[in-house]
Amino acid sequence: MGKFIKPLIFILAMVPFGVLLLRVVFNELGPDPAQELAMETGEWTLRFLLVTLALTPLQRLTGMIVFTRQRRMLGLFALFYATVHFLVWIAFLLGFRWFAIVEELIERPYITVGFSAYLILLALGITSPKSMVRRLGRNWKRLHRLVYLAGILGIVHLLWILRTNISEALLYGGILFVLLGYRVYYSRGRKIL
Amino acid sequence: MLIKKPSDIKPSEITPESVFRNRRQFMNDSGKLILGAAAGGLPAIASAQSGGLKAPTPIGKGVSNAPAWWQEKSSSIKAAPDSEPYYTGESLTPYDDVTSYNNFYEFGMDKRDPSTQSGDFKSDPWSVEISGEVAKPGVYNLEDILKPHDLEERIYRLRCVEAWSMVIPWTGFPLAELIKQFEPTSKAKYVEFETIIDADSMPGIRSRFAIVRWPYREGLRMDEAMNPLTLMAVGVYGDYLPSQNGAPMRLIVPWKYGFKSIKSIVKINFRETEPNTTWNDLQSQEYGFFANVNPAVHHPRWRQDMERRLPQTLFSRQVIETRPFNGYGDQVASMYSGMDLARYY
């Protein structure tokens, strides 16, 4: 039973990407597909990041190690959706205008913030193999605590681009607040802080 | 006399339920087809019929419950000319996209909400309050306001501040004509507009997450309002304006970002001072009063020197350059000569 969990989660995590691909192929993304793809991939990045951040608390609360065993893979899926999000932005929103990319990174604060979050996820992804964990030793954990910052930057990035309806951003922000709050609470109790 | 039992009716003779339910639309479409055929034989009449329009209503599309005044007025819409600025040869954004991809926050925050959540909205009967620095203030029935004006077709570009754009055939009349009708006084330097608030039929008004303070307000300087390009629209694609597009009457200011083109107008106020406008009130560093399309002045969140012409398909690469005043500079730039447009954005 246990050995099927990982492949099953892998397949489930690919479903949103598959659905988006089908919508592209069948031209079902509406009149502004670039915008729709950017929104969808951005939201899936946040969702995977939040699920990843929920695994440690779930393991502690239930005592089931099965949760934290999925952490690396789901974290890498957050990076995967963030990469698609980034490519959609460059290809379809900016139409590969390279000069514009640099300008956007500097002049649009919500893009600066989103790109910073992406760089963090990229660094965590690169250092995710077991060999890197061994090589970095104690620093690995320090580095990977940056995922909290990536989560916060992601929420700020979303809040900043919304024009008026902030309900979804509040929902994701609320979940992140609970997940980070749990860590503060837990480490205080353990006198780790 | 032989009375056939129900079982004797051949299935092929039974009207399918879907056709029966849409029988009015069916009659309407058939009528249009017959009219179209007749017009083909009589070219002189054709130009007066909607069949003579540059962008007639696509078969099977359109609003089924247009008010009586529309039926009367729409029989003589003047077709758009062959050249700019009241016409553009750029490909039209299809009717379905124009009527299903809207920012009309009173009906919801998502682009699809206005078309799916405006079913309860009633745009007839309708009245408009005319007030302020004007010789003939009062509350007028829309029919009475429209009576003296002939409708014409104009094909304009629409550029949204969110960096997408469409090409839309509107039906309407110059705002200048409406203004003259009510005789503004010499003190009237600005025109202020308000959208209806109807919580019962507008879910966005009831939403707790909307940060807009209703009613939606917009305004123009008098010379902008009197510019021949500025249109009061009551139709699109030669058909009555759908609720999601701002029925029964909305503003079109093609050289400004779309949010200036206020929808479902219930109040027109003439005033001496610059009016407050909704987006300017909410985030003045992002949205100015003038809001002229300007590729040289970027919005803090959207770059304004390019736009996605809708409908896009992912690999058609319709990311095009945005032009100053949305390409209407010849008609409007002189109104802003000497103004620092980076400051008065």
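Helices (H or I, at least four residues) and strands (E, at least two) are DSSP runs, numbered from the N terminus. Residues are numbered from 1 along each chain as its sequence is written, and chains are lettered from A and ligands numbered from 1 in the order in which they are written. The model is predicted: local features need pLDDT of at least 70, side-chain atom pairs count only at pLDDT 80 or more, and totals for chains, interfaces and linings use all residues.

**Stop 1: chain A as a whole**

Select chain A. There are 10 helices and zero strands in this chain, so that reading from the N terminus gives α-α-α-α-α-α-α-α-α-α. The C-alpha trace of chain A spans about 50 × 40 × 35 Å along its principal axes. Its radius of gyration (taken over C-alpha atoms) is 18 Å, which agrees with the value near 16 Å that a compact globule of 193 residues would have. That globule rule is 2.2 Å times the number of residues to the power 0.38.

Next, colour chain A by burial. A residue is buried if 20 or more other C-beta atoms lie within 10 Å of its own, exposed if 12 or fewer, and partly exposed in between, with C-beta atoms placed from the backbone. Of the 193 residues in chain A, 28% are buried. Contacts come next: two residues are in contact if their C-beta atoms, placed from the backbone, lie within 7 Å. Of the contacts in chain A with a separation of 6 or more, 65% are between residues 24 or more positions apart.

**Stop 2: a helix pair in chain A**

Select residues 33-62 of chain A, helix α2, together with residues 146-161 of chain A, helix α9. The two pack at an angle of about 145°, and their axes are 11 Å apart. Here axes are lines fitted to C-alpha atoms, for helices over the stretch in contact, and angles run from 0 to 180 degrees between N-to-C directions.

Which residues make the contact of α2(A) and α9(A)? From α2(A) come A:G42, A:T45, A:L46, A:L49 and A:L53, and from α9(A) come A:V147, A:A150, A:G151, A:G154 and A:L158. Six residues of this contact are nonpolar, four are polar and none is charged. In this count Ala, Val, Leu, Ile, Met, Phe, Trp, Tyr, Cys and Pro are nonpolar, Asp, Glu, Lys and Arg are charged, and the others, Gly among them, are polar.

**Stop 3: where chain A touches chain B**

Show both chains. Across the boundary, 19 residues of chain A are in contact with 22 residues of chain B. On the side of chain A, the elements that give two or more residues are α2 and α5 (98-107). The largest share, three residues, comes from α5(A). This side of chain A divides into nine nonpolar, six polar and four charged residues.

**Stop 4: chain B as a whole**

Now select chain B, which has 12 helices and 12 strands. Buried residues account for 43% of its 345 residues. Among contacts in chain B between residues at least 6 apart in sequence, 71% join residues at least 24 apart.

**Stop 5: the five-stranded sheet**

Within chain B, look for an open sheet of five strands in the order β2-β1-β10-β5-β6, with mixed pairing. Two strands pair if DSSP finds at least two bridges between them. β2 (138-141) and β6 of chain B stand at the edges, each with a single partner strand, so one side of each is left without a neighbour in the sheet. From one strand to the next, the twist averages 20°.

Start with β1 (residues 127-132) of chain B, which pairs with β2(B) in the antiparallel sense over four bridges. These two strands form a hairpin with five residues between them, and B:S127 stands opposite B:N141 in β2(B). With β10(B), β1(B) pairs in the parallel sense over four bridges; there B:G132 has B:F270 as its bridge partner.

**Stop 6: strand β5 of chain B**

Select residues 190-195 of chain B. Is strand β5(B) buried or exposed? The strand is mostly covered, with six of its six residues buried. B:Y190, B:E192 and B:E194 point one way, while B:V191, B:F193 and B:T195 point the other way. In a regular strand the side chains alternate between the two faces of the sheet.

- β10 (residues 265-271) of chain B pairs with β5(B) in the antiparallel sense over six bridges, and B:F193 stands opposite B:I268.
- β6 (residues 217-221) of chain B pairs with β5(B) in the antiparallel sense over five bridges; B:V191 has B:L220 as its bridge partner, and B:E192 stands opposite B:G219.
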